[in-house]
Amino acid sequence: MRKLALNDEIMLKIDKAARYIGGEVNSVMKDKNKVDLRFCMAFPDVYEIGMSNLGMAILYDSFNKREDVWCERLFSPWTDLDQLMREQHIPLFALESQDPVKDFDMLGITLGYEMCYTNVLQLLDLSGIPLKAEERGMDFPIVIGGGACAYNPEPLAPFFDLFYIGEGEISYNALFDAYIGNKKAGGSKADFLKKAAQVPGIYVPSFYDVTYKEDGTIASFIPNTPEAPEKVEKQLIVDMEKDYNALEAPVVPFIKATQDRVTLEIQRGCIRGCRFCQAGMIYRPTRERDVEDLKEAARIMLKNTGHEEISLSSLSSSDYSQLKELVTFLIDEFRAKAVNISLPSLRIDAFALDVMSKVQDVKKSSLTFAPEAGSQRLRDVINKGLTEEDILHGAGEAFEGGWNRVKLYFMLGLPTETEEDMKGIAHLAEKIAERYYEIPKDRRNGKVQINVSTSFFVPKPFTPFQWAPMYREEEFIEKAKIVKNEIRSQLNQKSIRYNWHEPDVTVLEGFLARGDRRSADVILKAYEKGALYDAWSENFHYEIWKEAFAETGMDIEFYTLRERNTDEILPWDFIDAGVTKEFLIREWKQAKAETVTPNCRQRCSGCGARKYEGGVCFEGKN
Amino acid sequence: MKVRIKFTKTGYMKFVGHLDTMRYFQKAIRRAELPVAFSGGYSPHMIMSFAAPLGVGTTSLGEYFDMELTETMPTAEIQQRLNETMVEGVTVCSVRQVEDGKASTAMALVAAADYYVSFRDGKEPSVPWREKFSEFLDQKEIVVTKKTKRSEKTVDIRPFIYKAELLDEGIFMQLASASSNYTKPELVMDTFMKWIGEEPKEFAYLIERREVYADAGENRNPRFIPLEELGEEV
């Protein structure tokens, strides 16, 4: 039996000790002496969150298919264990072998959201790995970053040896071969990094020099080593039938993960082109999986995990061309076996209402709309192709069908936003309530309940809004108050609930999302001062970050409030994410002109992703 | 067909709590593709009943749950199919068909349980204790104060200690485990520690449950038999 890294006394003191035991169904055990490379795959958040991450599950499975590689998992210890490990000098360990992370060849960290950055430092720190890459020799693991936030890796650059840009299925094999080859040849870390820099999609930050202008913007960003390419190209699967690593037996957690179910990835990318959405840009082109492959995958994963629920994963699932066939299949095949079908948020139409009524209790479920902006004008600016008519029509049909709960999601602080746009949020909610009360009383299902949520807009790299300014916290709060007051002044105010996100986290996220190498000092300082689990509101302490800015002399507003010129060198310009800068500039101008751009199936907008020669760009043109 | 499953829970599995152990088996039953019966409604649940919850940190050689199957199948096959999908630390050691009916659910039947308790390294009492144990048991009554959220009450637990004796390095005990007289081995040990003048230490005991019993006796003469013996292999 495996011996745990933590003793019983610690295990009995901490919350949810089963987070740290490994050994779950479908977890992979190998003989560490029979592999050439030990990979520790980390998600810098607590177990229940990390185990719900599909990307990590896919790569864990894919890496372990190699006989010469053993990939294990690692998650952030919760704050209770964090404290005990520091007090008792216990090194952080991977779940499967329970061996110290420090013994591994590679430590890969998934960067899913900016607010996990202090947890990245916690992983290194508790592992006994020096935080700065330059302080680490070959006797420490090679630290690799990947995931959505790797599209602007610069704020984390000093802490990582390399970053992987794009979908992990493609280049890791070449990277592993380079590492194993170098190890067997007795090469140094520098030798390996030079080889790694030549693997497509790999960015080695130490091979690039950045200089700054007097105004603080970037003057130059150039390779200092012949092996380092000027542009790092994102990696992606082009052929989703041939090259997709379909999961068959994902790990089944003992404790309830946030997503305690089979997740079926139906497509990558999105045809819509919402101008605020980073995922919609960096995952282009849209690539669908074959519906027959998906049916088979659903069967085999349910069998191998024993999960009682299955959900579909993708951006804008309603755009998956075989959705009807797939959902009908899932319902027909699995409902009888008491498997829950968890639907993604669908565009509300007759089909959606039909399947929703089959898999959910209408009385308890709610409709979800994400208009994102309150007025048609602003929806045109952000290229969100959802009209008021669509919403009222969809809601009306649902109300006739017995639904009486609606959730509405909006963003405040979008570019060009006016007071009228903010009030438009309240007006739209009011119109939905009015639509409900058009139904005769005897056919209504009690009162209508409309939940309005607003978050504050954060400009992200590789979107047409990457040049846009953000607002100060107090301005954000002012915007939320305008919405609140307008809702309260309306006839149906009692049917409408309003809540908004905290603005301080948003501002910090904005800083980290568009930060540069100099931002790393703030992250390090905040971590040293105790910032951890910033993504968890109960653990987020803005005052720590404010002190970190003050002590490092960094000006957050340089990063958040400033509208960038389109000729400015942005920290992430060295990455080729598929969408060209010309396209993004064009879209930024179209946004300001309040002009919509059609989706990929209506007309190609020449974003640049066509060069990959696959997906929606070539649909029906084989 | 109603079957009673007996399983072990050892090693690191002792850190998986009761509710998660139930979830573990629900998923295992699906992986084994057993024809388990479900309740109706929008979120159907498996018809199963666990005998006695086991605390986090306690290992067991004799845990039980009952489940309802929609068709009859050989108990040996059920056992084999479950064991093919178990993790290290959990083994299904018997599967028996039992009679239907609410009164005979595993949980309702529980009357007593066996435990083996030893001291963790470094947590042994500072005074000799082995020779004191029989004297401790010879008391007419062993009164403890049980604290609940609202009140405190004193209970004599001596009648609930059905058996107790020194075994190997530790103590074997059979304790009352019905819902009305459920007695924890930790409570017996803490009381013993205080009686020999020791302050009970945190995390001092290693506890293993070894069997769970039903009372098959009549006229107030208890006759404890392991839950599995109420069923038969088919």
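1. In this predicted model, chain B and chain A bury about 2,700 Å² between them, and carbon and sulfur atoms give 60% of that area. Three residues, B:Y12, B:F15 and B:Y42, supply 27% of the area that chain B buries against chain A, more than any other three residues.

2. The contact is made by 37 residues of chain A and 28 residues of chain B.

3. Six salt bridges are counted between chain B and chain A. One of them joins A:E9 to B:K123, with the closest N and O atoms 3.4 Å apart. There are also 14 residue pairs in polar contact between the two chains. On the side of chain B that touches chain A, the largest share, seven residues, comes from helix 1 (residues 18-31) of chain B. That side of chain B is made up of twelve nonpolar, six polar and ten charged residues.

4. Within chain B, strand 1 (residues 2-9) is mostly covered, with eight of its eight residues buried. In a regular strand, side chains alternate between the two faces of the sheet. Here both faces are covered: B:K2, B:R4, B:K6 and B:T8 are buried on one side, and B:V3, B:I5, B:F7 and B:K9 on the other.

How values were computed. Residues numbered from 1 in each chain as written. Chains lettered and ligands numbered in written order. Predicted model: local features only at pLDDT ≥ 70, side-chain atom pairs only at ≥ 80, totals over all residues. Heavy atoms only, no water. Contact = heavy atoms within 4.5 Å. Buried area = accessible area lost by both parts, 1.4 Å probe. Salt bridge = Lys/Arg side-chain N within 4 Å of Asp/Glu carboxyl O. Polar contact = N/O pair within 3.5 Å; in protein donor to acceptor, adjacent residues only side chain to side chain. Helix = DSSP H or I, 4+ residues; strand = E, 2+ residues; numbered from the N terminus. Nonpolar A, V, L, I, M, F, W, Y, C, P; charged D, E, K, R; others polar. Buried < 20%, exposed > 50% of the residue type's maximum accessible area, 1.4 Å probe, protein only.
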